[in-house]
Amino acid sequence: MKSVRKFQLGKAWLLPLLLVTALAFAGCAAPAAPAPAPAEEAAAPAEEAADPYVTVFGETLPEGAAPYEEQVLRMASDPTLPSTTFDFFAAVYQRYCHSDYFSNTFGDPLVELDTDFNLVPAAAESWEVSEDGRVWTFRLRPGQMWSDGTPLTAADYEATFRLGASPEHAWDFAWFHSFLGPGGIKNWSKAVAGEVPVEEIGVRAVDDLTLEIETEEPFPPLPGVMKFSWVMQKKALEEHGALYNSSLETHVSAGPFKLVEFDPGNRIVLEANEQYTGYRQPRLKQIACTYMSPDTYFVAFQNGEIDHITYEFLSAADFDIILNDPVLSENYLRNFGDFRTDYLMFDTFTEPFNNLDVRKAFAYAVDREAIVKNIYGEIKAMPAHSMLMPGYPSSDAEGLLAEYQTFNCELAQEHLAEAGYPDGEGFPRQEMWLRGEAPAMAAVYQATAASIADCLNIDIEVSNKDYKVYTDGMNARPTEMKFGAISYGMDFLDPANLLGIWVSTGRHSWKNDEFDRLVAEASVLVGDPEMRDQMFRDAEKILVDDVGGVFIAHRWMGDLVQPYVQGEAIREPDKFGITGLHWGNDSLISNIYIAEQ
Amino acid sequence: MTRYLLGRLLSLLLVLFVVSVVTFVLMHSVPGGPFDESKGRLPEAARANIMRKYGLDKPIYVQYWNYMKNALRGDFGIPYQQPQTTVTALIAKTWRITLQVGAMTVLLAFGVGISLGLIAAYNQNSWIDSFVTFFAMLGFTVPNFVVALWLILVFAVRLKWLPMGGWSASGDCLVAGRFFCSDWIMPVVAYSLIPMAIIARYTRSSVVDVMRQDYARTARAKGLHERTIMFRHVFRNALIPMVTALGVIIPNLLTGSIFIETVFRINGMGKYFVTSIFNRDYPMIMALFLLVAVLWGVLYLLTDIAYTWIDPRVRLGAKGGNA
Amino acid sequence: MTSASASASDALVQPAKASNQRTLWRDAARRFSRNRLAMVGLVIVTFFVFLAVFADVLAPHPYDKVYFERVLLFPGEHPAHPMGTDEVGRDYLSRMIYGARTSITVGLAVMAIAVAIGVPIGGIAGYMGGFADWIVSRLVEIMTAFPGILFAILIISVWGGGITKVIMALSITAWIEIARLTRAQLLSLREKEYVESARAIGVTQRGIIMRHLIPNSLTPLLVAISFGIPTAIFAEAGLSFLGIGINDPFASWGKMVGVSNSYVRVYWHLALFPTLAIALLMLGFTFVGDGLRDALDPKMLE
């Protein structure tokens, strides 16, 4: 015990020493960086050098901010995750540093969502729809530039979408622009299938600043979907292919940051792009992404080596430490994330789950409150009674659907008896599939299975499958998965997305004609937002009443940030009272700054 | 001798061929592929595009043929996990870390293992001997991930002396003014216990055996100093069974332990065996399995050759070639 | 994994002498009972087998009972849970006891299958020689070229997890070692004088195999099995540790260790108990195996 204390003391005085060393290094590096600048600004040398609190865009940093030289946000990345690109249209599942805030900074999307989830202009300053609801015209903000000095034009957006549809490129997200149902970009699926050339997809540059997007059917949420339109450069695509940003030589940016250090697996550094004239000029000078094992993130954070960790990399033990520490818990910023819902799904076409009473029995047998309170922890989830998390458009914030899916063991037993299995007698043993879950989520589903098994007196085995074995079995038709647990987070902020995945052509083996009809009609309904909203609400009621799935919890996401990571956009609550990094708001990254410590 | 070696080489080639075929067929029969279908089945066209991009649209024997053709030319393809690099480069990168761990483990295991074995043999049937025997047994049977967790519990969680995991490049530690990274200690210790136990046990038993042999007795009778006997005669002869032990230990250390690398979160090659299977990274799986097969084959052969070198009495090919 | 088999095979360089079978077994039993370590090992193994067999009676709680209000309790924090509870709120002591059942089941089942397949195939190869022998020798070589547990991982990826699949996957590699041993055993035995003389006086092939070869190769096989069981237990623990072995809610020490890895910074008890159990059981089997080898092979003891 004695030696322990001694050692800890030793470490404690070592820390300032390390900091001094680090500062000394920073000091060494600092003079080197601005060196090329004086050459360009030889005309006005005196005034530039004066204020250390002015960004490269000439904006003065807020009160209390650290000098511009120290405006560096440090993130961490897992070296074993696949990563090849910064660009959404190159490969969605293989982006560097696995953070939207890091990787989508080399080009602006046409639109974005503000912290209250309102659609706001981004690279496009305005848009309008044709009378038949099929053709959308976006007008680009004039004067936007690439870092090589050429102007950003509608042709760049056109080329970006053509890349996504190209069969040779084989984009991993190519299904997306068919919007999982009716609507979808015109000719998109045909181009992906190689039936028509990519030049014929419904994305056209009319002139330098006008982009036209045509859909197969009227599709009201289209502008919101354009949140995913991070642009790539036409010229670079033609000359160097889709991965042009994965190299310092061929990299080019029309976004707030540019690539300055590129050593994947080790360190990647982005720096403010001084050529940038877009809508989100950053206060940060640099974003640095260092590679380390995810399980060392938290230790690195506590040592002050990184500034930010997303919740998925925090273990149960880490959360224990966070919740018991006033500073850490205050800087854990909880948010909606992608409105993710965890739920159970069935093969409702075969025994025993083709029986609605069995499904109802399961729906009433899950003790959601206890699971959220004890297994997730309330900081990570809220009990769910339906698919759409309160806060999401058309969601059941009033709790009207709670009666259909809530914990009521007696009712559950009644339904099971009704189905012909009184007290669980004769009910076949079930295997609940999990999709390669990490221990924390596996614990949630084990508790869910235990809750059902306990209440209904049946046997449930929980099998944590390999991720791809799971998806393959789930997607097989007829499905190979009788019963499984899974989650879904939104792709775009419209009920057409999160309810659209439940139509009978989607990944679930559940079919309800009325539901299919409502979702299909509402998705393309133009001109009557109230009716559209009501149709989606009716559809969701069918989903919970007919028990397409058993909804367990809506997940809160969150980010642990250092106390000195500041910015109104992440620190001031939105209309739901939520702080933190909001999904869909790309300009957040430009609002963040590093405060003086 | 040459004929024997030639035969062994041929059989090694046969083994490699079978290993490559079995691995290829097995990995392709695992459901899924290098695409993400978690949101639902991809539209046929999008799926077909991806399959074509990776050359997976062809019949499996054509794929195998193409793979082997390129592999023999030294082109092992592009890992799906990190397509910006090549399989060769990725293996080189991760293997370096595994080799670092392995090399330090070999040093520790041999240093301590041989010493323990010698001490035990020299003090045969004393309490030291029993202690070493027991320790060897312990190191032998307790899985290394169990030892790893014990070390973490004691030195990282309880005492907080050492980091929970990670593997710093030597440069990182030099910046902090140290030549030794503290995160090296636990993985190397945990990893070295099994080989250390094997070596200690082999050393002890073969030294004891040899000491009883006639030439040792003769030397002793001639009045040679005990230590001289120990080193000049006994130890040299005791090397033979140790070579066998080496043949088992070295390839394991060279390819890295999945468990050690998982527990301590080391991004070495061992970890890639698992992530490659999980990611359906076919080129990487093939390369790793072939690499291990080659390593084992070659090391077995080298072991046999080493026998003849150490002990001239052994003649290769005389005993029916069952390694 | 290779370690246990290596130690098994070094015992088998010398096949047992077949003089008087009955005395040999009696002597062996006597030698075994005098070996202190072997007896300790036997006690440990018996203890865990006892746990495994009577788990239903011994465990204070069902292994799958979730107590929502008692998640992640430390040992002693609640009188009903002397070893605390796990991340789902299940009694850890009960899961430890049921874990013994999983380990022992896997160990015995894998070795039973390995013997059932390995002995006939190895026997045929060793006794017949020729092409059969060539095939088996190549098979052995090929299997050693596959990186240990990775072959099992690959197989389980194809089949999926669960205790039956785990047993099957592990048997695929385990029978090879048994076949190799049996083959080597028969190879040396069939050249022995008494076999040759039996053949000379016209004893049938079957008679030779049944009366001479099988009893004489039993000793080393027994030793190999006693080392094979912990090897299989280790492999199951390893697979479950990686998250691809035994399904929930069934308890497996390896799985408990694997899960504990992400809780260990705070909840040390999750890691401590299962690691101790694995270590103890493995030690127990190894002591027994060593004792058996020494007892059955008098030459080793001078």
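Domain bounds here come from an automatic or database domain assignment. On that basis chain A is divided into domain 1 (74-84 + 244-335 + 558-594), domain 2 (111-240) and domain 3 (341-555). This is a predicted model, in which local features need pLDDT of at least 70, side-chain atom pairs count only at pLDDT 80 or more, and totals for chains, interfaces and linings use all residues. Residues are numbered from 1 along each chain as its sequence is written, chains are lettered from A in the order in which they are written, and side-chain values use heavy atoms, without hydrogens and water.

**Domains 1 and 3 of chain A**

- The centres of domain 1 and domain 3 of chain A, taken over C-alpha atoms, are 33 Å apart.
- Contact (heavy atoms within 4.5 Å) joins 7 residues of domain 1 of chain A to 8 residues of domain 3 of chain A.
- About 740 Å² is buried between these two domains, 71% of it on carbon and sulfur atoms; buried area is the accessible area (1.4 Å probe) that two parts lose on being put together, summed over both.
- On the domain 1 side, A:Tyr311, A:Arg334 and A:Trp583 lose the most area to domain 3, together 50% of what that side buries.

**Helices α6 and α8 of chain B**

- Helices are DSSP runs (H or I, at least four residues), numbered from the N terminus.
- The axes, lines fitted to C-alpha atoms over the stretch in contact, with angles from 0 to 180 degrees between N-to-C directions, come within 9 Å for α6(B) (residues 144-158) and α8(B) (residues 185-212) and cross at roughly 145°.
- Residues of α6(B) including B:Leu151 and B:Phe155 meet residues of α8(B), among them B:Met186 and B:Tyr191.

Key:
Helix = DSSP H or I, 4+ residues; strand = E, 2+ residues; numbered from the N terminus.
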